[in-house]
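Please open the model in your viewer and keep the selection panel at hand.

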Amino acid sequence: MKRFLALILCVALCLSLAACGSGSSASGGGSSTGTQEGTVSGEIEILLHKVEINEIMNTMIAEFNKEYPDVKVVLNAPGDTSTVLQARAVANDMPDIVTFTYNNSDLAYVRDGFYLDLTDQAFMQNVTDSALESNKIDGKNYYLPYISNAYGVYYNVDIFEANDIAIPTTLDELYAACEKLQAAGITPIAFSDQELWTLGHLGDRLMGLIFDDDGTLFEEIAAGEASATEHEGMREVAEIYLKLHEYGQPDSLGVGYEQAISAFANGEAAMMLQGTWLLSLVKSANPEMNVDVFPLPGRTADETRVGINMDLGFAVSESSENQEAALAFLSWMSDPENAQMFADMEGSTSLIKGVEVATPEFAKMSELISAGKSFVIPRGYWAPSMVNELQNALQRLVSSKDVDQFLQEIDEGVKVAYAQS
Amino acid sequence: MKKKFLLREDTLTDFIITLPGLFLYTLLFMVPVVMGFFYSLTDWNGISKKFNIVGFANYAALMKDTRFAGTVRFTVYYTVLLIIGVVVISLTTALVLNSRIKGGNFFRAVFFFPAVLSLMTVGLIFKELYYRVLPLVGEWLNIPALQTNILANEDLAIYGILFANIWTACAIPTLLFYAGLKNVPADLYEAADIDGATAFQKFRRITLPFLIPTFSMVFILQLKLGLSVFDYVLSITGGGPGGATESIGTIIYNTAFTDRRFGYATAESVVLFLIIAVISLIQVRMTRGKEVTV
Amino acid sequence: MKRKGLVLRTFSYVYVLIGCLLIGGPMYLTVANAMKDTQQFTNNFFALPESFYLENFINVISKANYFRYVFNSAFVMVAGVALILLLVPLTAFPVARHMRTKRYYRFLYYFILLGIFVPFQVKMLPIVKLMASLKLMNPVGLVLLYGCGALCQDIFLMVGYIQTLPRDLEEAAAIDGCTRLGTMFRIVYPLLSPMLATILIKDALWIWNDFQMPLLILNVSTDYWTLPLFQYNFKSTYSVDFTMAFAAFTLSILPMMLIFLVAQKKIMGGLTSGAVKS
C-alpha cells in the first residue's frame with residue numbers, strides 16, 4: 001500500500017508541475033510603441049543552429065542588453081536544431097528568432113509562411129545589396145542574412161614550400177601540384193568520401209564554377225527538355241571530380257570527416273577541399289600547423305570564382321508574441337558597429353555593409369569576393385531531395401569511376417526528386 | 001473446488017490493476033500511432049499547417065518504388081545476420097558466465113560494458129578501427145579484401161555496421177539468457193547427473209526447453225532492432241558507399257527529414273511495421289507449446 | 001566425464017578472455033581519448049594519453065548548468081524506471097495468468113505487443129503534437145512517455161518470465177487469507193526480481209542515454225536539458241569537439257556501471273529466491 005500512496009503522490013506532483021510549466025511563455029507581450037531604445041520589453045528565445053558560436057552569441061546578447069535592459073534573451077542551442085525546429089513547428093510553439101543556413105530544408109519554413117516578411121524593415125538596408133538580392137524568396141526577404149561561408153582549398157604551407165610548389169591559379173596547375181606531391185610520396189588531397197555531405201559540397205561548388213548552374217539544368221531534365229548525359233558542363237564536372245580523386249587516398253570512400261582532418265592536420269596529406277568552417281577544427285587539431293587557404297581554381301585564372309553560401313541568417317517567427325523585441329534584436333545585430341564586433345570574434349565574411357573581416361587565411365578568397373568574383377552555390381535552386389540524389393550519385397562515381405553511368409544516374413535522380421515536389 | 005472459487009474472487013482485482021497501464025499506453029502510445037497512420041494518408045511535409053488527404057496514393061507509389069524494394073533486401077539480410085549473431089554470442093556468454101568460472105562478477109561487468117557506451121562513441125571508435133587497425137590485420141593474415149578499409153567496399157561495409165551493432169547489442173540479451181538460466185530448477189540437473197547425462201544432453205533436454213521463452217524475447221527484440229536499424233548505419237557508413245548500406249530505417253529518416261515528405265515516410269514506416277509484426281506473430285505461433293509450462 | 005569438464009572449462013576461459021580483449025579495446029579507447037587534448041587525439045587515436053590529463057573532465061563539469069543536467073537526467077531516469085517497475089508487473093501478472101483462458105487479457109497482450117513493432121518515425125511528430133496539446137512538454141511528460149514506451153517490450157518480457165514461474169506460492173498465499181494485492185507485492189514481486197532487475201538495467205540505460213525523445217520534448221528551455229542533449233552540444237553539422245564529447249560520455253558511463261553492479265546482485269539473488277520452486 002505504501003508504494004501505491006507513493007505513486008499517487010508522485011502523479012499529483014507531476015500534474016502540478018506540469019500546470020506550472022505551461023504558463024510561463026505568455027508573459028511580456030510587445031505592448032510598447034515605437035522602436036525607441038529602452039522602451040522595448042519582453043522575452044525572446046533564439047534557436048541557434050551553430051553551436052560553435054554559442055559563446056560569441058552570449059557576448060553579443062550581453063552587449064545588446066546594455067542598450068535594451070528590458071528584453072530578456074534566451075539562447076537555445078541544442079545540437080540537432082532541424083529536429084527541434086520541426087517539433088516546435090508541430091507543437092505550434094515556434095521560437096521567436098530562428099537561425100539557419102541557406103539550404104532547402106530550412107527554406108521550407110520560409111515557403112510555408114512561418115516567418116515575418118522583413119523586406120520593408122529599415123535595418124535590412126544594412127545588408128550588402130548582393131546578399132539582399134541572392135537571399136530573396138519570391139522577391140521578398142524573410143530573414144536577415146548575416147555571415148557567409150566560402151569554399152576553398154586548405155593547404156599545408158610547409159609541405160608546399162618544401163616541395164617548391166606555388167599556389168595554383170588554374171585547375172591544371174592544381175593537378176601539376178598534385179603530381180609533384182604524389183611523386184614526393186605525399187597524399188595530395190585528403191577526401192572524406194564516407195561523409196555524403198562533403199561529396200555534395202564539392203559537387204555543387206564545381207557545378208557553379210564550371211557552368212554557373214542556377215537550377216535550370218535540373219529543371220530542364222525534369223521537364224524532359226535536356227539530359228545530363230548530353231550536357232557538356234555536367235560531364236566536365238564529373239571528369240574534374242574523378243581527376244581530383246586520383247590524388248586522394250586510395251580508399252577515400254571509407255574515410256570519415258574527422259579522419260580526413262586528422263590526416264591533413266598531421267601532414268599526411270597536403271590539401272583539403274572544404275568551407276570556411278574547417279579552419280578552427282584544423283587549428284585545434286594542430287595549433288602549430290602552418291595552414292592557409294586559396295580559392296578553388298577554375299579552368300583559367302580568370303574563371304576562378306568563390307562559391308559562397310549564407311551561413312547564418314536570422315528570421316522572426318510570424319507567430320511570435322514578442323515580435324517587437326525580436327525585431328529590435330535583429331536591428332541591433334545588423335548595426336555595422338555591432339556586426340563588426342561579431343565579425344572580430346567569429347571571423348567569417350560578414351554580409352553587413354562596411355564590416356571588415358581580417359582572418360588572414362581567408363584573405364585570398366575575400367579579395368575575389370569583393371572583386372565580385374563569387375557565385376552563390378546552386379543547391380538552393382534545386383528540388384529539396386536533389387542534394388541527396390547528387391551526393392549518392394557522386395559517391396557511386398568515386399567508387400565506379402564511370403562518368404556515363406553517373407550522368408545517367410543524375411538523369412534518373414532528377415526525375416525522382418522533381419516528381420516529388 | 002476451493003481453487004476455482006478463489007480465482008473468481010481475484011478476477012476483479014486482476015482486471016483493475018491492468019487499467020492504469022492500459023490507459024497510459026492507449027493515450028500516449030496508441031493515439032500517436034493512429035495519428036501517424038492518418039498522416040500516411042496525406043501529403044503532409046511535416047511542418048506545414050496545411051495538407052491534403054491523398055488516400056492510399058502514398059502506398060500505391062511505394063509499391064512501385066524500386067529503391068525502397070532494394071533497402072528491404074538489405075534490411076532483411078542484415079536482420080538475419082544480426083539475430084543469428086546476437087543469439088549465438090549472448091547465449092554462449094550467458095552459459096559461460098553461468099558456469100562456475102573464477103572472477104564471474106568481473107567478467108559479467110566487462111561483458112555488460114558495451115551497453116553503456118553512447119552510439120556516437122561506438123561509431124567513432126569502430127570507424128577508426130576499420131580505418132587503421134583492420135587493414136593491418138588483413139595484411140598480416142594476407143587477406144586482400146581486408147587490406148583496405150572495409151567501409152569503402154560496397155560488399156563489405158554491411159559487416160562493418162553489423163559487427164559494431166552486435167558488439168553493443170549482446171549485453172541485454174546476455175542478461176536475459178542469464179536470468180533465464182537462473183530459472184532452471186537445479187534439482188533437474190542433479191537428477192540428470194545421477195542418470196549420467198552428458199553436458200550436451202543436459203543442455204539439450206533441460207536448459208534449452210526452459211530457455212525457449214527467452215529465445216522468443218531475444219528474437220523479437222532483435223528482429224525489431226534489425227529491421228528498423230538506422231542509427232548504426234547513419235553513424236558508421238551514412239548509407240554509403242553509393243547507397244550500398246541503405247536500410248529501410250535510413251530511407252524513412254531521409255524521406256521524412258531531408259526530403260520533407262512526411263506523409264510518404266509514414267507510409268514507409270507502416271509497411272515496415274507490417275513486416276515486423278507479421279514475422280513476429282509467425283514466430284510467436286511457432287514456438288507456442290514448445291516451451292515448458294509449469 | 002572429467003575430460004569433458006576440462007574441455008568445457010578451458011573453452012569458458014578462452015571465451016571470456018577473447019571477449020575481454022574485444023570489449024577492452026574500445027573501452028580503453030573511450031577512456032584514453034577522454035584524457036587527451038585535441039592535438040594528441042588527432043595525432044594518435046590509439047596511443048596512451050601522454051599525461052594524466054583531466055582538463056576535459058574539468059571543462060565538462062564546470063560548464064554552466066552541468067549539475068542541473070545531471071539532476072534532470074537522474075530525475076527522468078529514476079521517475080521513469082519507478083513508473084515502469086510499478087506498471088509492468090501490475091499489467092503483466094494478470095495477463096500472464098489469464099491470457100490462456102480469458103479473451104480480455106489475450107487482447108491486452110497482443111494490443112501491447114503490437115507496440116514493439118511500431119517504428120519510432122510513425123509516432124515521432126504525433127507525440128509532439130499530443131504532448132503539446134496536453135501541456136506536457138516538460139520532464140514530467142517525458143517520464144510518462146518513457147513509462148508507456150517501455151511498456152510493450154517489458155510486458156512482453158515479463159509475461160514470458162511469469163509463465164515459467166509456478167503458481168503454487170500464490171495459491172498457498174491465497175489460502176492463507178492474503179489478498180490478491182498483498183500476494184502481488186509480498187509473494188510475486190520478490191519472485192520477479194531477476195526479470196525486474198533486467199528491466200531496470202535495460203530501461204535505466206535506455207532513458208539515461210536517450211537523445212531523441214528529450215530532444216523532441218524538452219527543447220523549450222535549456223533548463224530542462226538532460227545529459228545527452230548537453231553532450232550533443234559538442235557537435236554540430238560541420239564541427240565536433242571530440243575530446244570534450246569523449247570526456248562527457250565517459251563521465252556519464254559511471255552511474256550506469258554502478259546501477260548495473262547493484263542490479264546484478266538482484267539477478268544473482270534470483271538464484272536463492274528461486275529456491276522455493278517446485
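In which sense do strand β1 (residues 42-47) of chain A and strand β2 (residues 71-76) of chain A pair? Select both: they pair in the parallel sense, over 6 bridges. Pairing requires that DSSP finds at least two bridges between two strands; helices (H or I, at least four residues) and strands (E, at least two) are DSSP runs, numbered from the N terminus.

The model is a predicted one, in which local features need pLDDT of at least 70 and side-chain atom pairs count only at pLDDT 80 or more, while totals for chains, interfaces and linings use all residues. Residues are numbered from 1 along each chain as its sequence is written, and chains are lettered from A and ligands numbered from 1 in the order in which they are written.

Next, select Glu43(A), which stands opposite Lys72(A) in β2(A).

Now colour chain A by domain: domain 1 covers 38-148 + 309-364, and domain 2 covers 150-308 + 367-420, with bounds from an automatic or database domain assignment. Their contact takes 15 residues from domain 1 of chain A and 17 residues from domain 2 of chain A, where contact places C-beta atoms, built from the backbone, within 7 Å. On the domain 1 side, α4(A) gives the most, with 4 residues.

Finally, display chains B and C. Here 75 residues of chain C are in contact with 74 residues of chain B. Select helix α1 (residues 2-34) of chain C, which supplies the largest share of the chain C side, 13 residues.

Definitions and conventions:
Two residues are in contact if their C-beta atoms, placed from the backbone, lie within 7 Å.
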